[in-house]
Amino acid sequence: MQRSFRRRRFNLKPYLFVLPILVFAVWFVFYPFLRTILSSVSLVNASGEILSYVGLDNFRYMLEKREFKAAFANTVTLTAVNVPVTVVISLLLAVLATKKRPLSPVYETLFSLPMALSMATISLIFRLMFSPNVGIINRLLGTDLGWFEDESTAMGTMLILTVWMGVSFNYLLFLSAFRGIPADRIGASQVDGANAIQTLIHVRIPAIMPTIVYVVATNAILAIMTSGPVMIITKGGPNRATSTLIYMMYTSGYASSNDSLAACVSLVAFLLAFTFTFLTLFLDRKKVKAG
Amino acid sequence: MIRHFRSAITQLMSIAVGLVLVFPIVYAVAGAFKTPAEFAVWPPTLFAESYLNFDNFRYVFGHSPMWRYMLNSLITASLTTIVRLTLASLAAYAFAFFDFRGKRTLFLLILITMMLPGETLTITNYRTVSRMSLTDTYLGICIVSFVGASQMFVLTGQFRQIPVELRDAALLDGCGDMRYLARVVLPMSRGILLTLGLQCFITQWNSYLWPLLVTGRDSMRTVQVGITMLTNTEATNYEVVLAGACIAMAPSLLMFFLSRRMMTGTQTGGAVVE
């Protein structure tokens, strides 16, 4: 009754409620996105004005740049290593912490503490910690590595940093997912004689699959967008070993005012992120259907 | 007996793992109390000799406008949080309580903004903001973060749980929609608003790239940008850098402990992620 009454006449009110967020979404999300696409196929001057259509010339120019090849390869490596490692470590932490024990509050706090640190803080700390001159890591591990300052180890060190930055928060997501599994589901498998590891693999992990998919997707996007630590610690070096797509976008767009190149690079990063999210969701759906 | 033993082992192991995990934080705090001489020692040490040596903190506050940085961060993070939650609440109210043409489309349109990572949009947004002469202003730092699609999504779900009859009754009594939203709906959603607000605040407090881009004057820099500038001018003062890092993480750590109870509760965290 009431529903049909409400529908009969046009009501402007709900649109007014949605309008403010929509204005900002168009202004600072949709417009810049479309503008980026436009810039990528146009000649753009140093103050950002579009001069003429040039087709795919900008992309061709980008593909020829050694800097782009390095940034692309680094971003893919970073994502391919960071995501599985982060997921496995945060899963293990969650497994360790799921059951409430007397000391739970202590290690639960320790596990989630890194979450409170900002990217800039973490970058400053890691730069010093891994410094071959004054850092403590070489001393503790008894190694003599250059870490961020050596071309062969810089990317690995960057990975340690990004993984460390991500595990806490994902651990919390996994922890609440594990704790949300109904007790009788775990109990049933224990009655069947399954040990802890079998229960984990066959019951608990499948039960939190949606959370795992979510964590994989969000971490992949975060990894593809990595730029802050690069900017603060290595400036893409040594010898482009840690340059990433977004870092290149930043240097070409902001520092060299080449908006077309920056637009192309950011579109590549976007496409990577989009493909990855799409694949994750698609695979997940398939698996759900098959199961 | 064996069960107890195993439980004790697991707990000790967990604490050991936890200590490895927080090592960088310990390192930073300890290092912030070191003297330059202690930092120059070979081999490097972890702990400082005295934890009453506040010289580095004094140096940071004396040689950089750190208070101003903190004030800037506080203002921009608060402004963003308030505006973002306001816009999200308004939209969520419409999606939860009204039926209108294009409702689904509009809802999806706003959610799609989550698919477009802010980093890929920075160059154009920088052009927009500088054309509006908003560089080096608080509004310029905040304006690109006003859209909170995930907050809107969570709030829509939250508002839907409030019985429609309540609103019908209130409107019959002559209460307007804005008043109903402000006086009934928002107070009833206090808990979730607080969680979303804290998360939003911390994210903004911690943001780096955009504030770095849109601020040129030292007096407009935020804490996160400011602490990285300490290294540029004082390349060798490691202990000062760590003191800066400690100053920057102190407020977020404080908030972390305040909000821990909320975050580790039974609610599924996945729903409220940025």
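In chain A, the C-alpha centres of domain 1 and domain 2 lie 31 Å apart; domain bounds here come from an automatic or database domain assignment. This is a predicted model, in which local features need pLDDT of at least 70 and side-chain atom pairs count only at pLDDT 80 or more, while totals for chains, interfaces and linings use all residues. Residues are numbered from 1 along each chain as its sequence is written, and chains are lettered from A and ligands numbered from 1 in the order in which they are written.

**The two domains of chain A**

- The assignment gives domain 1 as residues 13-55 of chain A and domain 2 as residues 65-290.
- Domain 1 of chain A brings 9 residues to the contact between them, and domain 2 of chain A brings 7 residues; two residues are in contact if their C-beta atoms, placed from the backbone, lie within 7 Å.
- On the side of domain 1 of chain A that touches domain 2 of chain A, H2 and strand E1 (42-44) each supply at least two residues. Helices (H or I, at least four residues) and strands (E, at least two) are DSSP runs, numbered from the N terminus.
- H2(A) gives the most to that side of domain 1, with 4 residues.
- By class, that side of domain 1 of chain A has 4 nonpolar, 5 polar and no charged residues. Here Ala, Val, Leu, Ile, Met, Phe, Trp, Tyr, Cys and Pro count as nonpolar, Asp, Glu, Lys and Arg as charged, and the others, Gly among them, as polar.

**Chain A as a whole**

- Chain A has 14 helices and 2 strands.
- Its radius of gyration is 24 Å, well over the 19 Å that the globule rule gives for 291 residues, so chain A is more spread out than a compact globule. The radius is taken over C-alpha atoms, and the rule is 2.2 Å times the number of residues to the power 0.38.
- The C-alpha trace of chain A spans about 75 × 70 × 35 Å along its principal axes.
- Of its 291 residues, 46% count as buried. A residue is buried if 20 or more other C-beta atoms lie within 10 Å of its own, exposed if 12 or fewer, and partly exposed in between, with C-beta atoms placed from the backbone.
- Among contacts in chain A between residues at least 6 apart in sequence, 65% join residues at least 24 apart.

**Places to look in chain A**

- Helix H13 (residues 245-255) of chain A has 9 of its 11 residues buried, so it is largely enclosed by the rest of the structure.
- The buried residues of H13(A) include A:Leu245, A:Tyr247, A:Met249 and A:Gly253.
- Just after H13(A), A:Ser257 takes a positive phi of about 55 degrees.
- A:Asn138 is found in helix H7 (residues 137-141) of chain A, and it counts as buried because it has 20 C-beta neighbours inside 10 Å.
- Not counting residues up to four places away in sequence, A:Asn138 touches A:Pro132, A:Thr143, A:Asp144 and A:Leu145.

**Chain B**

- Chain B has 15 helices and 0 strands.
- Its radius of gyration is 24 Å, whereas a compact globule of 274 residues would have one near 19 Å.
- Of the 274 residues of chain B, 42% count as buried.
- Domain 1 (2-53) and domain 2 (73-221 + 265-272) are assigned in chain B, and their C-alpha centres lie 39 Å apart.

**Where the chains meet**

- The contact between the chains takes 73 residues from chain A and 69 residues from chain B.
- Helix H2 (residues 13-40) of chain A gives the most to the side of chain A that touches chain B, with 16 residues.
- That side of chain A has 50 nonpolar, 14 polar and 9 charged residues.
- The largest nonpolar core has 153 residues, and those with the most contacts inside it are A:Ile21, A:Val265, A:Ala269, B:Ala91 and B:Ala245. Such a core is a set of buried Ala, Val, Leu, Ile, Met, Phe, Trp, Tyr and Cys residues joined through C-beta atoms within 7 Å.
- Leaving aside neighbours within four places in sequence, the contacts of A:Ile21 include B:Leu87, B:Ala91 and B:Met152.

**Confidence**

- The model scores ipTM 0.84 and pTM 0.86.
- The mean pLDDT of chain B is 86, and 92% of its residues reach 70 or more; pLDDT is the predictor's confidence in each residue, from 0 to 100.
- Over residues 265-274 of chain B the pLDDT is below 50. Where pLDDT is low, the predicted coordinates should not be read in detail.
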